[in-house]
Amino acid sequence: MSDEYYQDKEKGIRIELPETEIAPDQAIAKRFGAFGPFLEKLFASGIEARGVERVPEDQRETRNTWNNLLMWWSVNTVLTTIPIGVLGQFVFTLTFPHAVATILCFGFLGAIATAFVATLGPQTGLRTMIITRYSSGYIGCTMYSILNILTQLGFATTAVILGGQTLASVSSSHAVPLVAGIVIIGVCSLIPCFIGYNMVHIYERYAWMVTFFIMCCLYGLGGKAGFDTSAQQSVEDTGRALSADILSFGSIVFGSFTGWAPVAADYNVRLPADTSALRVFILTMFGLYIPICFTSILGAALVTITDPEYVVAFGTDGSTGDLIAQVLSPWGGGGKFLLVLLAFSCIANNIPNTYSTALSIQALGRPLAVVPRFIWVIFSFIIYTVAGVAGREHFSVILSNFLSILSYWTAFFVVIIAEEHFIFRRPAGKLGGYNLANWDKPSKLPPGFAGILAGCFGVVGAVVGMAQVWYTGPISEKAGATYGADLGFELAAAFAGMTYPPLRWIEIKLTGR
């Protein structure tokens, strides 16, 4: 173990540093024998070799903390964020004011949770899933990695479906087939992820400029078509039923923010270890909160247009792509051009899904970690493209069910990491810091019983509080009306938050780690 350590200047957290390690490109080339020379040339051309391995302090390359803002701005100022606001009225029959209030309030909670996780990247130099080893052990990390793989592939599937739908709606006479559109979006997402970390940041640093302009155009054109903020008033529920609708929609909004929490530290691990945690937190929070709220509210506004042509375009199946095509139709060919650009905005959203899925596969264990990162990127692309083609006709159902369930596990995931960081890893805590030399040494990491059990309690909280089409928990039934009130993420966070500290204290008492 190295005797060196990094002292976090803001929190005073003692972080022991590992000894100098061999560069990943050299290690991978050596590991694959006859393929070594080919891999060396590949890595020399700019393809990222590093996967889940920790980024040592002497290999941190940039001080551009603004990437924490610009990347998440690009990732979320996209076509795939618009349907989140649409669901507020299409599924939960909320009026525009209630949908907006729900987005702003629940979104703020989600942005804070995700921004906290992002601060751990520069402090540790570890990818998000590997950080979970310090609270839930090696086995717990494997479990979270499986959940995250499913989460990111779910996000990716919705991204390619919506992008494909939009490309298909550009022209009725020369339409791109939906399947072809899905494949095109998937391939374009694959390229920067195959190249790696630097290309991801280069793309995301500038992608928001075009899409933000298009979103402003949609606000203007939608307003000209006629927003009717009271359009849903006649069908909106009242009393307990209204409260249940707000809580259930709020769960979806929260999940749309915290869905990025399991990958938030993946994209700033190359910042210097002494980077201000407060600066990273603020930039990440606003990089999430402003664009997601801005774009989701746009979706909620577009659904209020009562012009018959727009209603027909949206249809009974809730085709957001067709609705947006109708909104842009007054501009003729210019509108179609903007629609194509908007379809390709899904690439910015899908890049972190693809990149982080590969990292999460490596985090499952050493046998998978030795496979080069770019191989898993290609594998992820194949999986979500096939899933997108298979589920292309059921976008709204996939999105609403997926985002609701997503919020459950990300809620207790963040709570467990936060309690480990602020209670047990603080200077006066039981452990006093992170021994980064042990990130891949199961015998020196926590056994993980506390984290796994607390996660199980979180699942129990989610089960008793969830409200889905296929199941309603007992507490949800009592809290809501006909369909229950979705309290899944709140109870998941509460159950895990109450059980983790005492379980972890016992674990440290018995094992010392």
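These exercises walk through one predicted protein model, each with a worked solution.

Residues are numbered from 1 along each chain as its sequence is written, and side-chain values use heavy atoms, with hydrogens and water left out. The model is predicted, so local features need pLDDT of at least 70 and side-chain atom pairs count only at pLDDT 80 or more, while totals for chains, interfaces and linings use all residues.

**Exercise 1. The whole chain**

Task: Find how many helices and strands the protein chain has, and state whether its radius of gyration agrees with that of a compact globule.

Solution: 
- Start with the elements. The protein chain has 21 helices and three strands. Helices (H or I, at least four residues) and strands (E, at least two) are DSSP runs, numbered from the N terminus.
- Take the radius of gyration next. This is taken over C-alpha atoms, and the globule rule is 2.2 Å times the number of residues to the power 0.38. For 513 residues the rule gives a value near 24 Å; the protein chain has 23 Å, which agrees.
- The C-alpha trace spans about 70 × 55 × 40 Å along its principal axes.
- Check burial. Of the 513 residues, 60% count as buried. Buried means under 20% relative accessible area, exposed over 50%, and partly exposed in between (1.4 Å probe, protein chains only).
- Finish with contacts (heavy atoms within 4.5 Å). Among contacts with a separation of 6 or more, 82% join residues 24 or more positions apart.

**Exercise 2. Salt bridges**

Task: State how many salt bridges the whole structure has, and describe the pairs Glu 48 with Arg 127 and Asp 440 with Arg 133.

Solution: 
- Side chains of opposite charge can pair when their charged atoms come close.
- A salt bridge is a side-chain nitrogen of Lys or Arg within 4 Å of a carboxyl oxygen of Asp or Glu.
- Count. The whole structure holds 10 salt bridges.
- Take one pair. Glu 48 and Arg 127 meet at 3.2 Å, N to O. Glu 48 lies in the loop between helix 2 and helix 3, and Arg 127 in the loop between helix 5 (96-124) and helix 6 (128-131), so the pair ties together parts that are 79 residues apart in sequence.
- Check their burial. Glu 48 is buried at 8% relative accessibility, and Arg 127 is buried at 2%.
- Take another pair. Asp 440 and Arg 133 form a salt bridge at 3.0 Å, N to O. Asp 440 is in the loop between strand 3 (433-435) and helix 19 (449-465), Arg 133 is in helix 7 (residues 133-168), and the two are 307 residues apart.
- Look for shared partners. Salt bridges join Glu 48, Arg 127, Arg 270 and Arg 373 into one network.

**Exercise 3. A charge without a salt bridge**

Task: Locate Glu 53 and find its nearest side chain of opposite charge.

Solution: 
- Locate the residue. Glu 53 sits in the loop between helix 2 (36-44) and helix 3 (67-76).
- Assign charges. Lys and Arg count as positive, Asp and Glu as negative; His and the chain ends are not counted.
- Find the nearest opposite charge.
- Look at the backbone. The Glu 53 side chain reaches the backbone nitrogen of Gly 51 at 2.6 Å.

**Exercise 4. Inside the helices**

Solution: 
- Begin with helix 4 (residues 82-90). Among the buried ones are Ile 82, Leu 87 and Gln 89.
- Move to Asn 148. This residue is in helix 7 and is buried at 0% relative accessibility.
- End with Phe 412. This residue lies in helix 18 (residues 395-424) and is buried at 5% relative accessibility. Its C-alpha atom is 9.5 Å from that of Cys 456, 44 residues apart along the chain.

Terms used:
Polar contact = N/O pair within 3.5 Å; in protein donor to acceptor, adjacent residues only side chain to side chain.
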